[in-house]
Amino acid sequence: DNSSFSGSAVTSISTTAMGEKTYYAKWTPNTYTVNFNANGGEVATTSTSVIFDTTYGTLPTPTRTGYTFVGWYTDSVNGNKVENSTTVTITDTQALYAHWEKIVYNVTLGESLHGDVNIPTANATMDDTVAVIITPDAGYAVDTVTFNGVAATKVSENNYTFTMPADDAVIAVTYKKIPYTVTLLNDGTAA
């Protein structure tokens, strides 16, 4: 019964009440549920409650191997970005979707004695196919090709590939000498 809301709530008006009266409405903002969709990643907190016309507050940070978290959005592909400081204007349950950006990793050459190695790309993202083309020195052949200690896949003679891990990749190539057979003839000459 007053503007500071310190009085008792009026829940009914007597039919015998007379005179001019002023009543003040006291509103309580609604609370809504926000569900978090990690969109291919993982999130520990799958939902939270928010209050209309306040900020979202602290939002969870999801994780996904090979990706950097960009933010929470109102759609799985596009949508509007929602941050901790965004004012809640929803009037129903809401889903927020994690958006991701692939991490670009470096591809470098480590050990490679006795040959030239061509790696057409110096950077790749997780699950990209990376080619390794090798030209051994004369008298040598490729023995092993590895990335981070894991064997690469032989595609053809001196051509290899590997699937980019969620980490920088270091290529190592080892070589072996090609054995030659020399046959001596009875007259002391080689055949």
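**Exercise 1. State whether Phe36 and Trp72 are buried or exposed, then classify their ring pair.**

Solution. Phe36 is buried, as is Trp72; buried means under 20% relative accessible area, exposed over 50%, and partly exposed in between (1.4 Å probe, protein chains only). The model is predicted: local features need pLDDT of at least 70, side-chain atom pairs count only at pLDDT 80 or more, and totals for chains, interfaces and linings use all residues. Residues are numbered from 1 along each chain as its sequence is written, and side-chain values use heavy atoms, with hydrogens and water left out.

Next, apply the ring criteria: rings of Phe, Tyr and Trp (its six-membered ring) pair if their centres lie within 6.5 Å, and planes under 30 degrees apart count as stacked, over 60 as edge-to-face and the rest as tilted. The structure holds four aromatic pairs. For Phe36 and Trp72, the centres are 4.9 Å apart and the planes at 55 degrees, so this pair is tilted. Phe36 belongs to strand 1 and Trp72 to strand 3 (residues 67–73), so the pair ties together parts 36 residues apart in sequence. Strands (E, at least two residues) are DSSP runs, numbered from the N terminus.

**Exercise 2. Classify the ring pair of Phe147 and Phe162, and locate both residues.**

Solution. The ring centres of Phe147 and Phe162 lie 4.3 Å apart with planes at 15 degrees, so the pair is stacked. Phe147 is in strand 10 (residues 140–147) and Phe162 in strand 13 (residues 159–163), 15 residues apart. Both Phe147 and Phe162 are buried.

**Exercise 3. Name the residues that ring pairs link into a cluster.**

Solution. The cluster consists of Phe36, Phe69, Trp72 and Trp100.

Methods
Helix = DSSP H or I, 4+ residues; strand = E, 2+ residues; numbered from the N terminus.
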